Every structure is written in C-alpha cells, then in structure tokens.
Amino acid sequence: VGSQKERVVTEEEWLQKWETGNIGFHKEERHPLLQKYLDVLLNGRSGLRIFFPLCGKAVEMKWLADMGHSVVGVEVSEQAVKEFFSEHSLPYCEEPVPEISGAKMFQSTSGNISLYCCSIYDLSSSIVGKFDGVWDRGALVAVNPCDRQRYASLMINLVEKNSSYLLVTVSYDPNKHKGPPFYVPESEIKSLFG
Ligand code: SAH
C-alpha cells in the first residue's frame, strides 16, 4: 500500500493509453460480478438512474440502458466515449456543458445514455443530479491514491439515500505491481465510504 501511495497517473497518460490502444482494462464481455449482483443493484426497482464513474467504453452501460434504466457516465477520453457509441451503433449528439469549461456531453439520440467528457472532479450533483445506483469497476481502483478521499466524498454526494453502490476492487501484493489498478484494502474502503 505504501509503495503505491505516491503514484500519480496524469490525464495525459490516460488519453495516451486510449490513443495507443493500451486498454487491457476494457472487456467485451459483461462483467460477471454485475450479472451476479444485478439484483442487489436494482433491488426490485425499475427506471433507475445509474452512474458509471470513469466509464471508459464499458459495455455494461448499453446493457443497463437496454433494461430501461437511464445511464450517466464520465470519462476524460473523448476517443473512449465516441468508440462506445460507434461500437454499439448508437446515434448520439454532442453538446457543451455550460457549467464546466471545455466539457462536452454526448447523449444517445434515444436519450437514455449520457456520457460526460471531462474529469470526474468537475462534476457535482447540481450538474448531473443524484443516482439510484453506481457501478464502480475500474474507477476507485484507477483513481490516484492521493485523490481517493476526494473521489469518495464526491461519490457519496452523487447518490440518493436509498441507492446501491457496487464496487469492484482487486486484491494483490502492492509491492509487486505499481498499478493501476491500485490495491485498496477493505479497511480503507470502510473508512472512505463509512
Ligand atoms: N470503468 C471502465 C474503465 C476503467 S479504466 C471499465 O470498466 O472498462 C479507467 C478509466 O478512467 C479510463 O478510461 C480513463 O481514461 C478514465 N479516467 C481516468 N481519470 C479520470 C478522471 N479524473 N475523470 C474521468 N475519467 C478518468
């Protein structure tokens, strides 16, 4: 844990990963843990607002939207966002986000998938509203260790009282791999999210 504490991956480095196709984190198959815990996320409810922090081009966004939920994602790479829509043959429109300089929002023409192209730290509930569910895979574990507290506080702010938050982490010896994904011990998750 100590060995990763100081590590920083810049926005530029993430953009470069997308440009060079160094995106081993992207999976074409739906995540087995989302399938397994879908009922926990939905809790019998329909028409939810579901948030995908650091969304990349996660295929689960299309899956949940097809179930009738409204999906919102945030991703710094415009390439990732465009690839998401083109790989699923989804027409979309693109508009500026007045509250965030330089940010764009890409929305499927059907209106049920909205992807913000900006840093997650630019968002607030006054811009994106609050969510009933969160799918956090490759998100908390991709955040720089020094930004974890800020990330968790923001996420707590973005969820409704009766929301469900599915978090996927990875367990390994942090001395053997520099990350991301970073190792976030369970004790830290408890102190971050309460
Ligand atoms: N959750 C996705 C992608 C995981 S990789 C999946 O399951 O496939 C992490 C992603 O976060 C990358 O696509 C990277 O470009 C993006 N990212 C990194 N820092 C970010 C930030 N501050 N705000 C928004 N997106 C960010």
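In what order do the elements of the protein run from the N terminus on? They run α-α-β-α-β-α-β-β-β-α-β-α-β-α, where helices (H or I, at least four residues) and strands (E, at least two) are DSSP runs, numbered from the N terminus. The radius of gyration of the protein, taken over C-alpha atoms, is 16 Å, close to the 16 Å that the globule rule gives for 194 residues, so the protein is as compact as a globular protein of that length; the globule rule itself is 2.2 Å times the number of residues to the power 0.38.

This is a predicted model, in which local features need pLDDT of at least 70 and side-chain atom pairs count only at pLDDT 80 or more, while totals for chains, interfaces and linings use all residues. Residues are numbered from 1 along each chain as its sequence is written, and side-chain values use heavy atoms, with hydrogens and water left out.

**The protein as a whole**

- The protein has seven helices and seven strands, and its C-alpha trace spans about 45 × 40 × 35 Å along the principal axes.
- Buried residues (under 20% relative accessible area, where exposed means over 50% and partly exposed lies in between, with a 1.4 Å probe and protein chains only) make up 45% of the 194 residues.
- If one takes the contacts (heavy atoms within 4.5 Å) between residues at least 6 apart in sequence, 66% of them join residues at least 24 apart.
- The protein exposes about 9900 Å², of which carbon and sulfur atoms supply 49%; accessible areas come from the Shrake-Rupley method with a 1.4 Å probe, and for residues only the protein chains shown count as cover.
- The mean positions of the 20 positive and 25 negative charges are 5 Å apart, with Lys and Arg counted as positive, Asp and Glu as negative, and His and the chain ends not counted. The place of a charge is taken as NZ of Lys, CZ of Arg, CG of Asp or CD of Glu.

- Strand β3 (residues 92–96) and strand β4 (residues 104–108) run antiparallel and are joined by five bridges, and two strands count as paired if DSSP finds at least two bridges between them.
- Within this pairing, E95 stands opposite M105 in β4.
- Strand β4 also pairs with strand β5 (residues 113–117), again in the antiparallel sense, over four bridges.
- The hairpin of β4 and β5 has four residues between the strands, and G111 in this hairpin takes a positive phi near 90°.
- Q107, which is found in strand β4, stands opposite S114 in β5, and with a relative accessible area of 22% Q107 is partly exposed.
- Apart from its neighbours within four places in sequence, Q107 is in contact with F85, P91, Y92, C93, I113 and S114.
- Q107 and G2 are 105 residues apart in sequence, and their C-alpha atoms are 40 Å apart in space.

**The loop between β1 and α3**

- G56 has its place in the loop between β1 (49–52) and α3 (60–66), and at 6% relative accessibility G56 counts as buried.
- Leaving aside neighbours within four places in sequence, G56 is in contact with W18, M61, E75 and A80.
- G56 and E83 lie 27 residues apart in sequence, while the distance from C-alpha to C-alpha is 9.2 Å.
- L54 lies in the loop between β1 and α3, has a positive phi of about 45° although it is not a glycine, and is partly exposed, with a relative accessible area of 26%.

**Other loops**

- S89, in the loop between α4 (78–87) and β3, is a residue other than glycine with a positive phi, near 50°, and at 63% relative accessibility S89 counts as exposed.
- S119 lies in the loop between β5 and α5 (125–128) and is buried, with a relative accessible area of 13%.
- Beyond its neighbours within four places in sequence, S119 is in contact with E11, V74 and V76.
- P180 lies in the loop between β7 (159–168) and α7 (186–193), and the peptide bond from G179 to P180 is cis, with omega near 0°.
- P181 has its place in the loop between β7 and α7, and a cis peptide bond with omega of about 0° joins P180 and P181.
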